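Try each task before reading its solution.

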Amino acid sequence: MNNNKKVFEKAVHGIFLILGLVTIGCVLMITVYLVISGIPAIREIGLLKFLFGKKWESASSDPSYGILPFILTSVYGTAGAIVAGVPVGFFTAVYLSKVASKGVKETVETIVSLLAGIPSVVYGLAGMLVLVPGIRRIFHVADGASLLAAIVVLAIMILPSIIKVSTTALDAVPKEYEDASLALGATPVETYFRVSVPAARSGIATAVVLGIGRAIGEAMAVMMVSGNVANMPGLFKSVRFLTTAVASEMSYSSGLQRQALFSIALVLFLFIMLINATLGFFLKDRKGV
Amino acid sequence: MYGNGVSKARKIYIMSMRVLMWASVAVTCLLALFMIVYISVRGIPNISWEILSTKPSYLSGGIGILPDIMNTVYILIATLVIVIPLGAGAAIYLTEYASNKRIVAVIEYAAETLSGIPSIIYGLVGMLFFCQFLNMKTSIIAGALTLVIMNLPTIMRTTQESLKTVPQSYREGAFGLGAGKWRVIRTVVLPGCVDGVITGCILSAGRILGESAALLFTAGFAHALNGIFEGFSSPGATLTVALYVYAKEQGEFGIAFAIAAILMVLALVINLSAMLTGKYFKRRRNI
């Protein structure tokens, strides 16, 4: 190989290396920007006062920046969505993977991926005009835009990913396990729930964690149905999530208020990193089996 | 049903599990059906040629979504043009070049992290970095660059998967004939990643069409009609952002439903094309 060619190959290698490193660069950039812009407000307000303050009054003359309402709303909202969405997704996945015929499975899977493809603002729009008035009428509250509406919308939005990931996990359970269980006298349904499901448990756990990540990060759909007032969370109260707190004031904020919004984003980012770490734990667990 | 060997308690358990499964499948399907029917019924009557072909006018008070359609097209093109070389290049590095396992693990971990970050955080960092630090102001191109970071993991993953199906013997054969590394990549590896890139593009297109939180503060929500080049540097709302603005800020539900119906149809088209291309590539590979 002559020298020119060697240099050329080295250069090509270098270019691909740089392209490969872009991803790392992006993660670093996001982390650095969030930390740098998120720290000043926390310093000024005080970490404890910021995280555990119960009052968010960014617009008043004596502003107070406590984000406990947002944190709790995000946690309750996500928990509610998981409680409502996971069982439906789980049973659907078992049905699709084990009971359904090939034709039914394909049809329902197409429907599920259509649900996944609907943009979040469309869910928000339907929620605004169906769910919010519905809640007002059924529960006789003054305004249906509430935590409950957000929970329902989030539960619907996480449903497709829970179904997809759980189905894949259940499909991967070795047939021998099920055959053995059937041969020992268990009925098919007992086999699915007592043998297949435990065998696929880390995959199903992954699905739940992914659902948590999606629910806690969703902004626009939630913004459209949750009422967006910085209350402490209550099922029928108008509430504000971590995501919507950032989105709703960003366009007109300035000074400390704006910096506080960056700090909220930092808190949200930490939540997501925590969820990612959990996810990594489950994935590793799965590889080990 | 199972004869005498199955106790009553077991029968009850089996029956209740069956009922739960059927009910869940029914709920899932009814939700999808409801969304499709509801959005179509409220949206399609509102779609007219006038809305599709005009821009909003303060004089007549009419609302048109042509600018939003154009902005969506611009942002789609800009994002894909930038993200394809980046994502495919990264995938090629990972499968063809990288010999250091630690670097591979770090890059893959970074990609995983990126795909878990919520879009509102992308919007925020995009605003800080592209709009303010790089001084692009609120513009389509700043929005597109933000979406590039979001979609990088998708393109990377699909390309990587398609590269894994290129038989190792092809590469070895090319090397054996005296080809250099770059030549092998150009003639053997690149053709092999076409299907991955196409699948990735379809998935990304779906995500870009549906994205709103990341674009609100990077691409803005202007409804001005621009040509393609001035379009890149000026702010503009995509269809999704326009839907949000019309529904939440202006209470124009007719227009919002019209846009929602258009988005549903596009989502349907993207879904179908993803399915069809997936099947096509699978068949071609098996031959």
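**Exercise 1. Find the salt-bridge partner of E178(A), and say which helices the pair connects.**

Solution. Keep in mind that this is a predicted model.
- Step 1: Look for a Lys or Arg side-chain nitrogen within 4 Å of a carboxyl oxygen. For E178(A) the partner is K98(A), with the closest N and O atoms 2.8 Å apart.
- Step 2: Check the surroundings. Both E178(A) and K98(A) are buried.

**Exercise 2. Describe the salt bridge between D171(A) and K105(A): which helices does it link?**

Solution. 
- Step 1: Take the distance. From N to O, the side chains of D171(A) and K105(A) are 2.9 Å apart.
- Step 2: Locate the two ends. D171(A) sits in helix α6 (residues 147–171) of chain A and K105(A) in helix α4 (residues 102–117) of chain A, so that distant parts of the chain, 66 residues apart, are linked.

**Exercise 3. Work out how D179(A) and K175(A) are placed in helix α7 of chain A, and how exposed each residue is.**

Solution. 
- Step 1: Confirm the pair. D179(A) and K175(A) form a salt bridge, and their closest N and O atoms are 3.2 Å apart.
- Step 2: Count along the helix. The two residues are four apart in helix α7 of chain A, so about one helical turn separates them.
- Step 3: Compare with the cut-offs. D179(A), at 35% relative accessibility, counts as partly exposed, whereas K175(A) counts as exposed at 53%.
- Step 4: Over all chains, the count comes to six salt bridges.

**Exercise 4. Describe the contact between domain 1 of chain B and domain 2 of chain B.**

Solution. 
- Step 1: Domain 1 of chain B covers 8–46 and domain 2 covers 52–286.
- Step 2: Count the contact residues. Domain 1 of chain B gives eight residues and domain 2 of chain B gives six residues.
- Step 3: Take the area. Between them the domains bury about 610 Å², with 85% of it on carbon and sulfur atoms.
- Step 4: I39(B), R42(B) and N46(B) supply 63% of the area that domain 1 of chain B buries against domain 2 of chain B, more than any other three residues.
- Step 5: Look for charge pairs. Between domain 1 of chain B and domain 2 of chain B there are zero salt bridges.

**Exercise 5. Decide whether I208(B) and N151(B) are buried or exposed, and list what each touches beyond four places in sequence.**

Solution. 
- Step 1: I208(B) is in helix α9 (residues 194–210) of chain B, and N151(B) is in helix α6 (residues 140–164) of chain B.
- Step 2: Apply the cut-off of under 20% for buried. I208(B) is buried at 2% relative accessibility, and N151(B) is buried at 1%.
- Step 3: List the neighbours. I208(B) touches I75(B), L76(B), T79(B), L80(B), L147(B) and N151(B). N151(B) touches T79(B), V83(B), S204(B), R207(B) and I208(B).

How values were computed:
Residues are numbered from 1 along each chain as its sequence is written. Chains are lettered from A and ligands numbered from 1 in the order in which they are written. This is a predicted model: local features need pLDDT of at least 70, side-chain atom pairs count only at pLDDT 80 or more; totals for chains, interfaces and linings use all residues. Side-chain values use heavy atoms; hydrogens and water are left out. Buried means under 20% relative accessible area, exposed over 50%, partly exposed in between (1.4 Å probe, protein chains only). Domain bounds come from an automatic or database domain assignment. Contact means heavy atoms within 4.5 Å. Buried area is the accessible area (1.4 Å probe) that two parts lose on being put together, summed over both.
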